[in-house]
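This report goes through a set of local features, grouped by kind. The sequence and the structure come first.

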Amino acid sequence: MENNGVEIEDTFAEGFGIKVSRIIITAATKHLAEITATEATGYGCSVIGCPAEAGIDTYVPPTETPDGRPGYAIMICHMSKDDLDEEIMNRIGQCVLTAPTAAAFNAIESDDGFATGSKLKFFGDGYQTEKDMDGRKMHVIPIMSGEFLVEDTMGFKEGVAGGNFFIMADSQLSAVVAAEAAADAIKAVSGVITPFPGGMVASGSKVGSKYKFLSASTNEKECVTLKDVVDTELPDDVFGMVEIVIDGVDEASVRAAMKAGIEAACTAHGVLKIGAGNYGGDLGPYQIHLKDL
């Protein structure tokens, strides 16, 4: 199978379950909202080493935010409910409450949630108040620059992590340009994040290592500089390789993001093949076949 002359490998991306929270961060200006969202999602590439997987989902215009100001939807993901609770508390408390004019709202429909706002309110040291905002219970915390508003409860649900595809190209630069195009296209899909830097993964890994102290290590069969050293899985003419990894609120969102990203990558010069990473179905229950997209 081909797309715009690019070979689409007959394989699948293997996704697995993860707990997902989605939060809208607003501020007085779009610039401030974006800075705050960026800070709140930092150090969130992979739960292999980072405390959570996190990223900016999409820009939310003032006509669609709870307080009529520009905002960004962010997602924070973790395998553990308790760890996700802690990460949301830390990231909102340290990165959003501290940001001028910022506010935080729950942005996911769920029967499950964390008492984030009802805990953060105590920063007000007894001067905090409550208000209703179109059915949302908000805590109003007085701060030096004015007031910080945070919703009482932040919801979470079972989402899907590990959606992915490989971009194989004739050079490193060609692969990066294609990956940038893919990441930009995925930004238009709501309910997903690409948590790695710029949406791109340079260091695709495998489970385990020859070193007992490592739980993950470089995927040598996909390394372009090791093609003459190992039993490579790369074609002879591939000299650039970048992976895109996607987390989403559900499988449909991840599928839509993969489709948009692959189609965009296939328009870039020098792209030769699109593949995907899986563990033969042993990692998770979601198998997203590239040919189906």
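## Surface patches

The model is predicted. In it, D237 sits in the loop that runs between β15 (216-218) and β16 (240-248). Its relative accessibility of 43% makes D237 partly exposed. Together with D170, D228 and D236, D237 makes up a patch of negative charge on the surface.

A nonpolar surface patch is formed by V207, Y279 and L283, whose accessible area together is about 280 Å². V207 belongs to strand β14 (residues 205-207). With a relative accessible area of 60%, V207 is exposed.

## Positive phi angles

N4 is not a glycine, yet its phi is positive, at about 55 degrees. The residue lies in the loop between β1 (2-3) and β2 (6-8), and N4 is exposed at 59% relative accessibility.

D134, also not a glycine, has a positive phi of about 55 degrees. Its loop connects β8 (129-133) and β9 (136-143). The relative accessibility of D134 is 74%, which counts as exposed.

## Helix α1

Which residues of helix α1 (residues 30-40) are buried? They are A33, T36, A37 and A40. Viewed down the axis of α1, these buried residues fall within an arc of 100 degrees, so they line one face of the helix. H31 and E39, on the other side of α1, are exposed.

The spacing follows from helix geometry: an α-helix has 3.6 residues a turn, so residues three or four places apart point the same way.

## Salt bridges

The model has a count of twelve salt bridges. One of them joins E263 to K259, with the closest N and O atoms 2.9 Å apart. Both E263 and K259 are in helix α5 (residues 251-265), separated by four residues, or about one turn of the helix. E263 is partly exposed at a relative accessible area of 36%, and K259 is partly exposed at 35% relative accessibility.

D67 pairs with R69 in a salt bridge whose closest N and O atoms are 2.9 Å apart. D67 has 23% relative accessibility and is therefore partly exposed, since buried means under 20%.

In the salt bridge between D184 and K187, the closest N and O atoms are 3.6 Å apart. Here D184 is partly exposed, with a relative accessible area of 47%, whereas K187 is exposed at 53% relative accessibility. The two residues get separate labels because the cut-off for exposed is over 50%.

Conventions:
Residues numbered from 1 in each chain as written. Predicted model: local features only at pLDDT ≥ 70, side-chain atom pairs only at ≥ 80, totals over all residues. Heavy atoms only, no water. Patch = residues over 30% accessible without salt bridge, like charges linked within 9 Å, V, L, I, M, F, W, Y side chains within 5 Å. Areas by Shrake-Rupley, 256 points an atom, 1.4 Å probe, with all protein chains shown as cover. Salt bridge = Lys/Arg side-chain N within 4 Å of Asp/Glu carboxyl O. Helix = DSSP H or I, 4+ residues; strand = E, 2+ residues; numbered from the N terminus. Buried < 20%, exposed > 50% of the residue type's maximum accessible area, 1.4 Å probe, protein only. Lys, Arg positive; Asp, Glu negative; His and termini not counted. Charge placed at Lys NZ, Arg CZ, Asp CG, Glu CD. Arc of directions from axis to C-beta.
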